[in-house]
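Colleague: I'd like to go through the pockets and then some strands. Can you start with the terms?

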Amino acid sequence: MNTPQKSKNQKQPTGLYYAFALLIFIGAGIVIAGVILLSRPTVAPKPQPTRAPITVNLGLDGRTYPVSTFSQTVSAFLAEQSLTLGVDDVVIPSGDTPITPQMMITIERARQVQIFVDDQLTTLNTTFTSPFDILNRVNVEIASVDSVQINGTPVAPADVILWTTPPVTEIRIRRAMTITIREGDMVITRQTTAQTVADALDEAGYVLFLPDQVAPSPTDRIIPNMEIVIDRSSELTIRVDGRDIETRVRAQTIGDALIESGITLNGLDYTIPSTTQPVTEGITVRVIRVTEEIVNEQTTIGYESVLQADANLDLDRRAVIQAGQQGIWQKNYRVRYENGVEIQRELVEELMLQAPVNEVIAYGTKITIRTIDTPEGTMEYWRSFRMYATSYYPAELGGDNITSIGETLRKGIVAINPRIIPYRLNVYVFGYGVGRTADTGGPRTTPYWIDLGYSDEDFVGWSRWVDVYVLTPVPETINYLLPLDEEGGPTPP
């Protein structure tokens, strides 16, 4: 292979050329080095070994919370948790205590406690929970006769040290004062924490009645060495209106005592003893309430039912043409009551307030002939009944075949109540035929009955309600007023 030869006309690099190229190379290197330096991150300090977090228990506001921390001391832990302590707040343990695993860090927030001694108020911010410690903090001592209230609850002075119910927000102490109570010849001296005269007397067991006089006034405030004078009224019992009133009065007479007690005598009222008698200690007064009234006693006067014939009204029909009305007879009495009990009744008047009015009932006497179609042909009748039908025959009567009017018992003879249908009339019963009223029988449960006669040979038994038609001719004598019956009776057209 032939090696290429350089052209004779090609120029060779000079020294200046190489120097310029070197400068360019160095400049580029500086630029690249600058870029590299600018793009490199800042070198951090050499890292120290990392400490693992520690879990501690934080007691705050009555609750316990587990908290992880990197702090070295209790103060650092509080700062880490942004927990700010007030001036009177307490942290346990102290702030410079090193943090250890599972240690208990308790923050007790101070609260405001108001301490009243009589009318003087002291305000204290404290973490103490015992009222005994709180009072010692403000140098307040309690005497055994003083009264104490903690959070509104009365507490015996000796039990203040035993109080264990937090939080304590208010303590009230009232100092005992010496007073004297005089009632008649009896004088006592005692110490009291009551605020008024009335409270002091109540505390001492005194019961005051409205009429009693007390000096100073029951509403006055107690001051040291006060003397209280009680001027008692007289005790008595008033028995009035069903009850006993035990009271006291300053009145001298029973009448004035009633007025003082607000009891009024009206009209005929009186008292035992009388109102003019003097009041004595322990007396019982009876008030007798007296009332009188006129009492009316009314009795009714019955009316009568009057029957009146009416020729325009059909036979066996009735109509009320005038309603009956009872009368009223009245007696007036004057009645006297004492304490609600009747003790006297006097008749002062009697009179008829209203006279009775008779009932007028019209009964029909108009007879109308009507016809009825039967298997035996058309028949005329003038009256009809609803009757209970039975049947009988001679053998049933022990062979007796003679009727009440002397006829022979056979079919076609019927027995009836002659006061309902007279003898010797013809009647018609469907299924039996025509029968002659020629016999009667003993008492029945209803007056409306008919016994259908038969001979021994053709007897047929009957036992049912039937319609009975009384055939023409119309008899001369007619009973227009037949008895009423719930089941049977005349069947008016």
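Modeller: On a 1 Å grid over the protein atoms alone, a pocket is an open set of points where a 1.4 Å probe fits, with protein on both sides within 12 Å along at least five of seven lines; lining residues have an atom within 4 Å of a point. Grid points are joined across faces, edges and corners, and a volume is the space filled by probe spheres set on the points. The model is predicted: local features need pLDDT of at least 70, side-chain atom pairs count only at pLDDT 80 or more, and totals for chains, interfaces and linings use all residues. Residues are numbered from 1 along each chain as its sequence is written, and side-chain values use heavy atoms, without hydrogens and water.

Colleague: How much space lies in the second largest pocket?

Modeller: About 200 Å³. Its lining includes Asp61, Arg109 and Pro166.

Colleague: And what is the volume of the largest pocket?

Modeller: About 270 Å³. Among its lining residues are Phe116, Val148 and Ile173.

Colleague: Which strands each supply at least two residues of that lining?

Modeller: β7 and β9 do. Strands are DSSP runs of E, at least two residues, numbered from the N terminus.

Colleague: How do β7 and β9 run, parallel or antiparallel?

Modeller: Antiparallel, with 4 bridges joining β7 (residues 147-150) to β9. Valine 148 has isoleucine 173 in β9 as its bridge partner. Two strands pair if DSSP finds at least two bridges between them.

Colleague: Which strand runs parallel to β9?

Modeller: Strand β5 (residues 111-117), joined to β9 (residues 170-174) by 4 bridges. Glutamine 114 is opposite glutamate 170 there.
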